[in-house]
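Here is a briefing on one protein chain. Keep the structure open as you read, and find each residue as it comes up.

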Amino acid sequence: MKIIALVILFVTTIIGCHSPKVNTIHLKGQMADMGTQEVIMEYTGVTGDFGTSLNRIIKTDASGYLDTTFVLEQPMYFNISRNILYLSPGDDLEVYLTPDTRQATFKGKGSEAQLFLKDRLYPKGGSFLLSGRNVRENFEKTKEVVDALAASKLAQLDTLKGVTELFKENERIRVKANLLNSYLTYALYNKENTGASREEQRQWYGRFITSVIPDVNQLMREITKNEYLDIIDVRDVIVYNLDQAEFMQGVEITPEMREIKDALQVLAKLDSSTDPEVILSMEEKTKSFLHVGIVSELQEKIRNVKSLMTGQPAHEIIMTDVDGNEVLLSSFKGKNIYLDCWATWCGPCIQESPAFAALSEKYKDKDIVFIQLSTDNSRKTWLSYLKQKESVVPQFNSVDNEGLRVNWQIKYIPRFILIDKEFNIVESFAPRPSDPEITEHLDALLAK
């Protein structure tokens, strides 16, 4: 009988138990239209701003179906595409996820938290302002709307069953951070300055800031605590306003908060430069940080950025063409390469496209190939976009996370790269095609 019991235990472990151990997560279901069978589940706590070591890779079959378990020692927030998840040890979830969060479904242990998070707000869209859709004729009217929305969200949170008090506390603070962000970003969306001169706008902004300081200070005092820094909405609004004295009156700014801001400035430098002096300076600055996770991620970032310096071998990227054929970037070795990394959802990328096409025509008889590489997760979206335009340059799509985001460190697009005939890096951050300087760079590459 002991042997039978051991066999049953072994088989259950291999196929994935549907009642996970206390420190494991069980996820099953489908992730549709993700563009890859290796879907990134991004950790959104503090260290997630600086690197990928706490991310998870969720593997699916060709139709997006998954059934996986992994160990998690404490509750953590993650993103899958635009879906936000709060996973706790012992969660046993059946999910359906797409890039459109409105289509998401959740069943099983832990589903209540996910369903609450389904209607997430986006700080860069002004949180409750919804990219201006909830803006009224003045701030007083707008404040009534966003205050009511925040109150409704808090009331909904109070009625939740099957979630921990820790989750409720975190989400109360997130709602307050979103409300605070709504106040602070109102000026970007306001309708009160239509037709006003620059001086009139400046005067209005001064009056507006004065009027919101009491509400902003109150909310800042409530959310500005170290224990809330792993909540991305909270962290963003604190760090962005850390040096705004009028907003931080009476607010305790801790060394941890200051270090996050300083470390983000280091990261921004590393995200935009492969200059050896810049890298060395950022390497020295990193040594002064105390947060072990931040230091570890930045050290890995520095190692990766060093691999992008001029003269280093170019990193491989696995691509697919419009017919679905797999093509390697290295297959263009023997020609100089000007690579445009873009996506259909990226406005600045689309704006650069005509200039890129014009340059390809100007250099069509030269020894250089112009390549446009879409980073869209959805191949269908990419192909649909291409049908609406005539392209004069080779078009490819890639969901190669290792090649794009890890090796080439592509965090922001548009991103332009120059590679020589020997498949060595010339510039990892080349000028945009609309930049008049680009012709000098292309001519220099051809003259090598």
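The points below cover the disulfide, the salt bridges, a charged patch and some backbone details.

The model is predicted. A search of the whole structure finds one disulfide. The salt bridges come to 22. Four glutamates form a negative surface patch: E137, E140, E144 and E192.

**Cysteines**

- Which two cysteines does the disulfide join? C346 is bonded to C349, with an S to S distance of 2.3 Å.
- The torsion about the S-S bond of C346 and C349 is about 75°, so this disulfide is right-handed.
- Both C346 and C349 are buried.
- C341 is in no disulfide. For C341, the nearest cysteine sulfur belongs to C349, and that sulfur is 9.1 Å away. A disulfide needs two cysteine sulfur atoms within 2.5 Å.
- C341 is buried, because its relative accessibility is 0% and the cut-off for buried is under 20%.

**Salt bridges**

- D100 pairs with R102 in a salt bridge. Their closest N and O atoms are 3.0 Å apart.
- Is D100 buried, partly exposed or exposed? D100 is partly exposed, because its relative accessible area is 23%. R102 counts as exposed, because its relative accessibility is 67%.
- D243 pairs with K261. Here the closest N and O atoms are 3.9 Å apart. The limit for a salt bridge is 4 Å.
- D243 lies in the loop between α6 (232–240) and α7 (255–270), and K261 lies in helix α7, so the pair ties together parts that are 18 residues apart in sequence.
- At 47% relative accessibility, D243 is partly exposed. K261 is buried, at 15%.
- D271 forms a salt bridge with K411. The closest N and O atoms of D271 and K411 are 3.3 Å apart.
- Where do D271 and K411 sit? D271 is in the loop between α7 and α8 (276–286). K411 is in the loop between α12 and β14. The two residues are 140 residues apart, and their pair links distant parts of the chain.
- D271 counts as buried, because its relative accessibility is 8%. K411 is partly exposed, because its relative accessible area is 41%.
- Salt bridges can also form a network. K143, D147 and D215 are linked in this way.

- Which residues form the negative surface patch? They are E137, E140, E144 and E192.
- E192 lies in the loop between α4 (165–189) and α5 (198–223).
- E192 is partly exposed, because its relative accessibility is 33%. Patch residues need over 30% relative accessible area and no salt bridge.
- G195 is also found in the loop between α4 and α5. At 80% relative accessibility, G195 counts as exposed.
- How many residues separate G195 from R405 in sequence? The gap is 210 residues. In space, G195 and R405 are 43 Å apart, C-alpha to C-alpha.

**Backbone details**

- Most residues other than glycine have a negative phi, and most peptide bonds are trans. Look out for the exceptions below.
- S127 has a phi near 55°, which is positive in a residue other than glycine.
- S127 sits in the loop between α2 (111–117) and α3 (139–158).
- Is S127 buried or exposed? S127 is buried, because its relative accessible area is 1%.
- Q409 also has a positive phi, near 55°, and is a residue other than glycine.
- Q409 lies in the loop between α12 and β14. Q409 counts as buried, because its relative accessibility is 9%.
- A cis peptide bond joins I413 and P414. Its omega is about 5°.
- P414 is in the loop between α12 (401–407) and β14 (415–419).

**One loop to revisit**

- Go back to the loop between α12 and β14. Residues placed there include Q409, K411 and P414.
- Q409 brings a positive phi. K411 brings a salt bridge with D271. P414 brings a cis peptide bond with I413.

Note on methods:
Residues are numbered from 1 along each chain as its sequence is written. This is a predicted model: local features need pLDDT of at least 70, side-chain atom pairs count only at pLDDT 80 or more; totals for chains, interfaces and linings use all residues. Side-chain values use heavy atoms; hydrogens and water are left out. Patches are made of residues with over 30% relative accessible area and no salt bridge: like charges are joined within 9 Å, nonpolar side chains (Val, Leu, Ile, Met, Phe, Trp, Tyr) within 5 Å. Accessible areas come from the Shrake-Rupley method with a 1.4 Å probe; for residues, only the protein chains shown count as cover. A salt bridge is a side-chain nitrogen of Lys or Arg within 4 Å of a carboxyl oxygen of Asp or Glu. Lys and Arg count as positive and Asp and Glu as negative; His and the chain ends are not counted. The place of a charge is taken as NZ of Lys, CZ of Arg, CG of Asp or CD of Glu. Helices (H or I, at least four residues) and strands (E, at least two) are DSSP runs, numbered from the N terminus. Buried means under 20% relative accessible area, exposed over 50%, partly exposed in between (1.4 Å probe, protein chains only).
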